[in-house]
Amino acid sequence: MRNSTVKYVIKRVLLALMTAFIIMFISFVFIKMLEPEVPMLGTEAQNEMARREALGYNKPILVQFGIYLRNIITSWDWGTSWEISYLTPVTEIIVKRLPPTVILNVYSALFSLPLGIVLGVIAALRKNTWLDHTISTVVMLFVSVPSFVYAFLLQYIVGFRLGWLPLIVSSVADSGGWFTWVMFKSMIMPILSLSFGIIAGYARLTRAELVESLTSDYMLLARTKGLNKTQATVRHALKNAMVPILPSIVASFLSVLGGSMIIEKIFAVNGIGGLMISAINSRDYDVFVATTMFYTIIGLLANIVVDLSYGFLDPRIRIGER
């Protein structure tokens, strides 16, 4: 790895840490300003009073933030839930809620990415035909409509009217595990709800990049060298079109944790997205700050991976050089 690349990576990591710090500060300070005074009465409140005293709840907000940041750095203590799961560490709650979010979004990515790329390739190879127009129209429809609209439509038509699929995602106790047919069947509707937009986005991106590659000068050179259209497309056009597409795929697999907040709530998925919404509704402040930082860190990592992947996929791109 070149020195310029190393410097670039260090610079991006430092900028990401600075961004994360600013977002944490804003989230913590503003959410603490909304916190009401909680009366501590009776012997049952002794543990809560001691915990609040240790966290500096009776001190100024900036002092509380300093204590909060110190606890994270020294002991990875992100605070305690006061409403969702009384006196349970926030990290324990997030770890418990992580599997359904990961499974749901990974299923969506594995289903939508290949289908979106294939539709984009078909539309590009059949440019200006009825097939291209049909795919482009469907893509525009899928891109324009939010995922929660598909969720409600699927829930009403497929789940309620037709009764083909469960209205909500099954629990582990009812399904017998995360990777059973019962669990997968209950996840089909949320998977489809998340996938429509991803399919449309990748189909549109793939079509645009491949159409540009097919009309490039190197394609004419490849045909004059004796390659037929299929060989030239696979060896040259598709390979060059994947340069801007593959980084987006890498980012999608890294950021699968961050795209299903509303969908999780609609289908009663006991995941991170539902946890964040519950924390907002119940004013569980430590849980809210921790889940906010969870999504922030995922997004920052995705951006760094995308930038670095360009240099690995195309050696002509020199990362960190002017």
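How much of the chain's accessible surface belongs to carbon and sulfur atoms? The share is 67%, out of an accessible surface of about 17,900 Å². The points below go through the rest of this predicted model.

1. **Confidence.** The mean pLDDT of the chain is 79. A score of at least 70 is reached by 80% of the residues. Among the elements, α6 has the highest mean, 89. Helix α2, residues 46–54, has the lowest, 66. Where pLDDT is low, predicted coordinates should not be read in detail.

2. **Overall make-up.** The chain holds 13 helices and two strands. Of its 322 residues, 42% are buried. Take the contacts between residues at least 6 apart in sequence: 71% of them join residues at least 24 apart.

3. **Annotated spans.** The UniProt record, an unreviewed entry, gives "transmembrane region" at residues 12–31, 106–125, 137–158, 178–203, 245–267 and 287–313. In the model, residues 12–31 are 100% helix and 0% strand. The end C-alpha atoms of that span are 28 Å apart. Residues 178–203 are 88% helix, again with 0% strand. Here the end C-alpha atoms lie 30 Å apart.

4. **Main core.** The largest nonpolar core has 28 residues. Met24, Tyr68 and Trp78 make the most contacts inside it. Helices α1, α3, α4 (90–125), α12 (272–282) and α13 (285–313) each contribute at least two residues to this core. The top contributor is α13, with twelve. Another core lies apart from this one and has 24 residues, including Ala123, Ile191, Ala200 and Val269.

5. **Trp78.** Leaving aside residues up to four places away in sequence, Trp78 touches Met24, Tyr68, Ile72, Val90, Thr91, Asp286, Ala290 and Met293. Two of these partners, Met24 and Tyr68, are named with Trp78 as having the most contacts inside the largest core. Trp78 also belongs to a cluster linked by ring pairs, together with Phe21, Phe25, Phe28, Phe65, Tyr68 and Trp76.

6. **Aromatic pairs: α1 to α3.** The model has 13 aromatic pairs. One of them joins Phe25 and Phe65, with ring centres 5.2 Å apart and planes at 85°, an edge-to-face arrangement. Phe25 sits in helix α1 (residues 3–33) and Phe65 in helix α3 (residues 61–75), so the pair ties together parts 40 residues apart in sequence. Phe25 is partly exposed at 32% relative accessibility, whereas Phe65 is buried at 6%.

7. **Aromatic pairs: α6 to α8.** Tyr150 and Phe196 have ring centres 4.9 Å apart and planes at 70°; the pair is therefore edge-to-face. Tyr150 lies in α6 (residues 147–161) and Phe196 in α8 (residues 181–214), so this pair bridges parts 46 residues apart in sequence. Tyr150 is buried, at 9% relative accessibility. Phe196 is buried too, at 17%; the cut-off for buried is under 20%.

8. **Helix α12.** Which residues of α12 are buried? They are Ile272, Gly273, Gly274, Leu275, Met276, Ile277 and Ala279. Just after α12, Arg283 takes a positive phi of about 55°.

Technical notes: Residues are numbered from 1 along each chain as its sequence is written. This is a predicted model: local features need pLDDT of at least 70, side-chain atom pairs count only at pLDDT 80 or more; totals for chains, interfaces and linings use all residues. Side-chain values use heavy atoms; hydrogens and water are left out. Rings of Phe, Tyr and Trp (its six-membered ring) pair if their centres lie within 6.5 Å; planes under 30 degrees apart count as stacked, over 60 as edge-to-face and the rest as tilted. Helices (H or I, at least four residues) and strands (E, at least two) are DSSP runs, numbered from the N terminus. Buried means under 20% relative accessible area, exposed over 50%, partly exposed in between (1.4 Å probe, protein chains only). A nonpolar core is a set of buried Ala, Val, Leu, Ile, Met, Phe, Trp, Tyr and Cys residues joined through side-chain atoms within 4.5 Å. Contact means heavy atoms within 4.5 Å. UniProt positions are given in the numbering used here, feature names are shortened, and annotations may be inferred rather than shown by experiment. pLDDT is the predictor's confidence in each residue, from 0 to 100. Accessible areas come from the Shrake-Rupley method with a 1.4 Å probe; for residues, only the protein chains shown count as cover.
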